[in-house]
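Subject: Structure handover

Hello,

Here is the structure for you to open. Please keep it on screen while you read my notes below.

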Amino acid sequence: MEYQNCWVELSKSALYHNIATFRQQLSPNQRLLCVVKSNAYGHGLVPVAKEAVEAGANWLAVFNVEEGVLLGNAGIQVPILVLGPSYGTQLALASTHQLRITLASIDGIEAYLDNVTARDVPVHLKLETGTHRQGFMPDELKTAAQLLQRHRIPVEGAYSHYADIEDTTDHTFAAGQREKFERAIDTLVSLGVNVAIPHTACTAAAILFPNTYFQMVRVGIGTYGLWPSKETNVSAQTLGRPEIALKPVMNWKTRIAQIKTVPVGEFVGYGRTFRATRPTRIGILPVGYADGYRRAFSNTANTLVHGMRARVVGRVCMNLTMIDVTDIPDAKVGDVVTLLGTDGDEAVTAEALAACAGTINYEIVTCVAPYASRKWV
Ligand SMILES: Cc1ncc(COP(=O)(O)O)c(C=O)c1O
């Protein structure tokens with residue numbers, strides 16, 4: 001049964017445009033991997049993955065084996081890299097479904113050996129260069145190489161992830177990470193581990209630094225038409241990088257469920273945080289923080305109705321949100337409301353919503369109700 005209270009419209013032309021934009025930056029032998037983990041950053045795993053491949057993605061990345069299996073079952077043919085850790089039965093499942101898993105620790109190699117018998121699907125190694133998340137420390141490489149060779153584990157790629165490349169306009173730390181990555185690759189090669197596909201670039205690196213591309217770039221947020229940060233935009237201009245115009249893919253919509261007029265002096269919502277200073281027509285929307293429409297949007301975020309801004313009034317509830325439609329007199333029950341995206345000349349951007357919530361555009365789109373339908377427009 002289709003969930004009706006809100007839905008997501010995806011712009012196919014925007015997705016194709018964004019993927020073509022990143023493809024153009026690469027040489028023909030460099031691979032473009034689109035990161036579709038976490039329900040394709042909230043956009044819808046399978047629909048986005050299928051179109052991304054059509055649009056030119058050579059590889060896809062998910063976070064866990066379950067997401068990879070969903071893609072395999074959907075008939076996706078390009079190589080799929082699992083970025084996160086894999087455990088126990090996930091490892092065997094990954095092997096059955098031809099998923100490239102990430103090995104990031106000696107324990108991880110041992111778990112792989114315990115669970116994977118047919119060692120024919122190549123793996124990627126995650127190398128620690130300064131983010132201190134997943135990854136082999138430099139002093140673990142020798143043991144890792146010995147295990148990989150002794151047990152004939154086929155290594156195809158090795159990668160790392162930048163700690164602050166999108167957070168700053170000073171990229172000294174990222175440059176240091178890149179150097180550490182190159183040193184780790186040299187060490188692996190000297191230990192007899194051939195790495196055909198080294199890769200480090202996320203969206204910010206893909207926009208800013210061609211020397212981070214190596215054999216593949218892993219573009220997440222840019223696929224969806226969003227910039228990683230303002231700092232990335234400023235850096236791109238300072239560095240004289242070719243201008244790119246990313247196009248947001250997601251429009252998140254709902255409908256007005258009820259309209260009522262609140263008399264002057266009356267309150268709206270939990271905590272009575274909004275009090276009407278004029279007769280206020282409010283539209284009641286069947287979405288709330290349980291759907292990813294954050295409570296932090298209370299009394300601050302805008303929605304769009306008939307191409308005009310309608311502000312949230314009162315607190316966003318778990319399942320309901322109230323908006324002020326006093327200045328949109330023809331707004332009526334059943335009208336479409338844009339929670340995120342464009343309507344006419346107006347836009348509610350993921351960045352504007354992120355600012356209301358003190359977070360980043362990544363979190364806004366990723367948290368959009370996974371059960372809401374995703375439709376291409
Ligand atoms: C290992 C790895 N590579 C690539 C990406 C994509 O990053 P971005 O969305 O900034 O392009 C992520 C995102 O979290 C990641 O964890």
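Start with the second largest cavity, which holds about 50 Å³ of space. Bear in mind that this is a predicted model. The residues lining the second largest cavity include a run of names to click through: Lys-126, Leu-127, Glu-128, Thr-129, Gly-130, Thr-131, His-132, Arg-133 and Gln-134. Ser-160, His-161 and Gln-177 line the second largest cavity too. By class, this lining has 8 polar, 3 charged and 1 nonpolar.

Next, the largest cavity. The structure holds 2 cavities of 30 Å³ or more. About 60 Å³ of space lies in the largest one. Which helix gives the most to its lining? Helix 5 does, with 3 residues. Among the lining residues are Leu-91, Ala-94 and Ser-95. Others include Leu-99, Ile-101, Tyr-112 and Val-116. Ala-118, Asp-120, Val-121, Pro-122 and Val-123 also line the largest cavity. By class, its lining has 10 nonpolar residues, 1 polar and 1 charged.

Now stay with helix 5. Helix 5 covers residues 88-96, and helix 6 covers residues 106-115. Their axes come within 9 Å and cross at roughly 65°. Helix 5 and helix 6 are therefore roughly perpendicular to each other. The crossing of helix 5 past helix 6 is right-handed. On the helix 5 side, the contact is made by Gly-88, Thr-89, Leu-91 and Ala-92. Helix 6 brings Ala-111, Tyr-112 and Asn-115. By class, this contact has 4 nonpolar, 3 polar and no charged residues. Look again at Leu-91 and Tyr-112: they are part of this contact, and they also line the largest cavity.

Helix 6 has another partner. Helix 7 covers residues 141-150 and packs against helix 6 at an angle of about 10°. Their axes are 10 Å apart. How are helix 6 and helix 7 set, roughly parallel or roughly perpendicular? The angle makes helix 6 roughly parallel to helix 7. Here the crossing is left-handed. Ile-106, Ile-109, Glu-110 and Leu-113 of helix 6 meet Thr-143, Ala-144, Leu-147 and Leu-148 of helix 7. The residues of this contact divide into 6 nonpolar, 1 polar and 1 charged.

Then go to helix 1 (residues 12-25) and helix 3 (residues 45-55). They pack at an angle of about 50°, with their axes 9 Å apart. That makes helix 1 oblique to helix 3. Their crossing is right-handed. From helix 1, the contact takes Lys-12, Leu-15, Tyr-16 and Ile-19. From helix 3, it takes Val-48, Glu-51, Ala-52, Glu-54 and Ala-55. By class, there are 6 nonpolar, no polar and 3 charged residues in this contact.

Last, the largest pocket. Its volume is about 920 Å³. How many residues line the largest pocket? There are 37, and the closest to its centre are Glu-166, Ile-221, Pro-228, Ile-360 and Tyr-362. Several helices give two or more residues to the lining, among them helix 2 (37-41), helix 9 (203-208) and helix 10 (230-238). Helix 11 (350-357) and helix 12 (361-366) are also on that list. The largest share, 4 residues, comes from helix 12. By class, the pocket lining has 16 nonpolar, 11 polar and 10 charged residues.

Best wishes

Methods
Residues numbered from 1 in each chain as written. Predicted model: local features only at pLDDT ≥ 70, side-chain atom pairs only at ≥ 80, totals over all residues. Heavy atoms only, no water. Axes fitted to C-alpha atoms, helices over the stretch in contact; angles between N-to-C directions. Parallel < 35°, antiparallel > 145°, perpendicular 65-115°, else oblique. Left-handed = near helix turned anticlockwise from the far one by under 90°. Contact = heavy atoms within 4.5 Å. Nonpolar A, V, L, I, M, F, W, Y, C, P; charged D, E, K, R; others polar. 1 Å grid on protein atoms, 1.4 Å probe; cavity = no way out; pocket = protein on both sides within 12 Å on 5 of 7 lines; lining within 4 Å. Points joined across faces, edges and corners; volume = space filled by probe spheres on them.
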